[in-house]
Amino acid sequence: MFFLRKALVILQNFIPKHLKTTMSKIESVIFSNGNKIPALGLGTWKSKGGTAVNIIKDAVRIGYRHIDTSPVYGNEKEIGQAITELVSENVVKREDLFITSKLWNTRHRPDLVEEALRKTLSDLQTTYLDLYLIHWPFAFKELEEPFPEGPDGKVQFSDVDYVDTWKAMEQLQEKGLVRNIGVSNFNSKQLSRVLDNCKIKPVTNQVECHPYLPQVKLSEFCKSKDILITAYSPLGSPDRPWAQPGDPSLLEDPKVKEIAAKYKKSTAQVVLRYQVQRGHIVIPKSASIVRLEENTKIFDFQLSEEDIKLLHTFDRKWRVCPMNSSVEHKDYPFHDEF
């Protein structure tokens, strides 16, 4: 018996940490078309190479089923590898995953939209996407570089109308290549134009959203149109490459810490709960298995209405991702208030 117990201890020490975690229950929300999406997903911006493969595998084993990417993140092949391996290992079935990707700005021209999607499908090693978004409302010149620069060093724009791009997106859904379509970084006026000219309405608008940019008016507008908000950078993206020493730090904000202490939760859990309780989908990213698991523990407590309203008042109109290189584009979305 002594040797058996010792063998079990040794075996336990060799079990990967992610297999020792408990499977987390993540709630779902429903799009206007009746399709479901997990309310918590995994953002993958800045996840590259083998690290991206490992993060996806850890996240799925923990309980994540919603994975968000884009070709401009440069990791779709790695994500495809991770998903294929997980499916082959019987960890998860493809139909149980919800995979989101996006159409990049250089591929807005209608004749390029399906080609761009098929490249993404090939890289992700899947025959369909659960959600495909127009990444930004403005188009860039149709070149291979994601940010095609002219002789003056500025990004070269294209004048393709995002309404025409949307009509090409509708064809992808009609062909069964994608299950749902939506937009990202659109303001209320741009969304209204799409709604006035569409056969299939967007199911979501993925935008930056956190207490320093709570998007209250845009959220109310989208709700009135039965469009769900998906919140990216919900933690304030503390590891963004362009962070400056004087930038505000959401997770270290004393007022957020006070709320977290009240609920015996982390500041990250509070600001993520802030999103899902508003009916938003939320897609934080993390490279840490501890943080990945912590971020799933947001469905077992409820913020008071007073605390939701208090978090609204933290609004600084501060953007992690202002996309300043495109501020002169005719379709730049952030000139308007919402």
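## A loop residue to start with

Q215 sits in the loop between β10 and α8 (216-224); helices here are DSSP runs of H or I with at least four residues, strands are runs of E with at least two, and both are numbered from the N terminus. The phi of Q215 is near 55°, a positive value in a residue other than glycine. Most residues other than glycine have a negative phi. Is Q215 buried or exposed? Q215 is buried, with a relative accessible area of 11%; buried means under 20% relative accessible area, exposed means over 50%, and partly exposed lies in between, using a 1.4 Å probe and protein chains only.

Before going on, please note that this is a predicted model, in which local features need pLDDT of at least 70, side-chain atom pairs count only at pLDDT 80 or more, and totals for chains, interfaces and linings use all residues. Residues are numbered from 1 along each chain as its sequence is written, and side-chain values use heavy atoms, with hydrogens and water left out.

A cavity is a set of points, on a 1 Å grid over the protein atoms alone, where a 1.4 Å probe fits but cannot get out; a pocket is an open set with protein on both sides within 12 Å along at least five of seven lines; and lining residues have an atom within 4 Å of a point. The structure holds 1 cavity of 30 Å³ or more, and the volume of the largest cavity is about 80 Å³. For volumes, grid points are joined across faces, edges and corners, and the space filled by probe spheres set on the points is counted.

Eight strands make an open sheet: its 8 strands follow the order β3-β4-β5-β6-β9-β10-β11-β12, with parallel pairing. Two strands pair if DSSP finds at least two bridges between them. At the edges are β3 (42-43) and β12 (281-282), each pairing on one side only.

Two of the pairings can be followed residue by residue. β5 and β6 run parallel and are joined by 4 bridges, with K102 opposite L133 in β6. Along β6 (residues 131-134), L131 and L133 point one way while Y132 and I134 point the other, and all are buried. Further along, β9 (residues 181-184) and β10 (residues 204-208) pair in the parallel sense over 2 bridges, and V183 stands opposite N205 in β10.

T165 is buried, with a relative accessible area of 0%.

Helix α4 has 13 residues and reaches 18 Å from its first C-alpha to its last, close to the 18 Å expected, where the expected span is 1.5 Å times one less than the number of residues. Its buried residues are E76, E78, I79, G80, A82, I83 and L86, and they pack against α3, β4 (66-68), β5 and α5. Just after α4, N90 takes a positive phi of about 60°.

The largest pocket has a volume of about 980 Å³. Of the 44 residues that line this pocket, W45, K46, S233, S237 and K285 lie nearest its centre. Elements giving two or more residues to the lining are α3 (49-62), α10 (267-277) and α11 (289-296), with the largest share, 3 residues, from α11. The lining has 21 nonpolar, 16 polar and 7 charged residues. K46 lies in the loop between β3 and α3, has a positive phi near 75° and counts as partly exposed at 36% relative accessibility.

The second largest pocket has a volume of about 450 Å³. Its lining comprises 22 residues, with P71, W104, R107, K119 and E144 nearest its centre. α4 (76-88), β5 (98-103) and α5 (110-124) each supply at least two lining residues, and α5 gives the largest share, 5 residues. This lining divides into 8 nonpolar, 4 polar and 10 charged residues.

Technical notes:
Ala, Val, Leu, Ile, Met, Phe, Trp, Tyr, Cys and Pro count as nonpolar, Asp, Glu, Lys and Arg as charged, and the others, Gly among them, as polar. Contact means heavy atoms within 4.5 Å.
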